[in-house]
Amino acid sequence: MSRVSIELVPRDAEAITREVRELRECLPYVDTINIPDIQRFSLRSWDAAAMVQGSFRSVIPHIRAIDIDPKGPLPGLDTPDLKEVLIIKGDPPADLNHRVFPNTSDAIIRRYVREAPHLKVYAAFDPYRRAPYRELEELARKRDAGACGFFTQPLFDMRMLDLCREWLQDETVFWGFSPVIGPKSRSYWETTNHIVFPHDFSPTLEANLAFARQAIQEVRAGGGSVYLMPLRVRLASYLSPLADVLMT
């Protein structure tokens with residue numbers, strides 16, 4: 001079944017509540033959101049999920065594997081009505097006082113599958129961070145650990161999307177797309193996430209919307225799912241122009 005998820009950042013309780021309201025105004029039929037866990041904000045993803053769970057069929061918090069104490073409880077297990085989680089490894093924290101643990105994503109996936117069998121557990125797929133065969137080997141380990149599907153790093157190129165769809169043709173995947181508006185945003189993606197943009201990429205809202213429209217249509221025509229990460233733009237300015245392809 002083709003699904004649509006929108007990623008909302010939990011800066012604080014007021015911000016996530018406001019963004020849920022804005023999302024409901026421009027895409028009232030969307031029934032799934034995913035929530036990253038960002039260390040510089042005090043509101044954890046699973047706590048934000050508990051706050052807004054009643055507004056959606058499913059809220060998918062991101063869980064950082066390196067934050068989980070092997071001797072401690074798993075985050076989110078006491079979140080009411082939680083159905084799905086996304087396990088990512090997590091970047092090292094900027095605050096050196098924040099304790100992390102040498103966990104792999106597949107180890108934490110196994111813990112969730114064992115200790116919370118009622119949850120669907122997703123994992124991450126990033127074709128930019130290493131050689132593709134290495135990323136596909138990692139994907140296989142996550143699948144073997146019990147991951148039921150994958151969320152991709154946002155993609156910005158139809159050729160890369162087509163290639164990744166071929167690699168992951170037998171997997172359940174949420175294909176990610178995010179606007180890149182202006183040179184600072186482009187530089188962030190290039191330096192932080194090692195994105196290689198196509199030669200003709202244009203960091204304008206219009207060009208990003210045109211790409212997102214084409215990519216969403218192709219993915220959903222094949223029965224695939226998508227998630228949108230509307231960073232550094234007003235939700236309505238990015239999501240409303242895509243409402244027709246997200247609804248069909």
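Reader: In which hand does α3 pass α4, right-handed or left-handed?

Author: Helix α3 passes α4 in a right-handed crossing; the word applies if the near helix is turned clockwise from the far one by less than a right angle, and left-handed if anticlockwise. A note before we go on: this is a predicted model, where local features need pLDDT of at least 70, side-chain atom pairs count only at pLDDT 80 or more, and totals for chains, interfaces and linings use all residues. Residues are numbered from 1 along each chain as its sequence is written, and side-chain values use heavy atoms, without hydrogens and water.

Reader: Why are α3 and α4 called roughly parallel?

Author: The axes of α3 (residues 105-115) and α4 (residues 132-145) cross at roughly 15 degrees and come within 8 Å. Angles under 35 degrees count as roughly parallel, over 145 as roughly antiparallel, 65 to 115 as roughly perpendicular and the rest as oblique, and α3 and α4 are therefore roughly parallel.

Reader: What makes Trp189 buried?

Author: Trp189 has 3% relative accessibility, and buried means under 20%, exposed over 50%, partly exposed in between (1.4 Å probe, protein chains only). Trp189 therefore counts as buried. This residue lies in helix α6 (residues 183-192). Leaving aside neighbours within four places in sequence, Trp189 is in contact (heavy atoms within 4.5 Å) with residues including Pro154, Phe197 and Leu231.

Reader: How do you know that β7 and β8 pair?

Author: Two strands pair if DSSP finds at least two bridges between them, and β7 (residues 173-177) and β8 have four, in the parallel sense. Phe177 stands opposite Leu228 in β8.

Key. Helices (H or I, at least four residues) and strands (E, at least two) are DSSP runs, numbered from the N terminus. Axes are lines fitted to C-alpha atoms, for helices over the stretch in contact, and angles run from 0 to 180 degrees between N-to-C directions.
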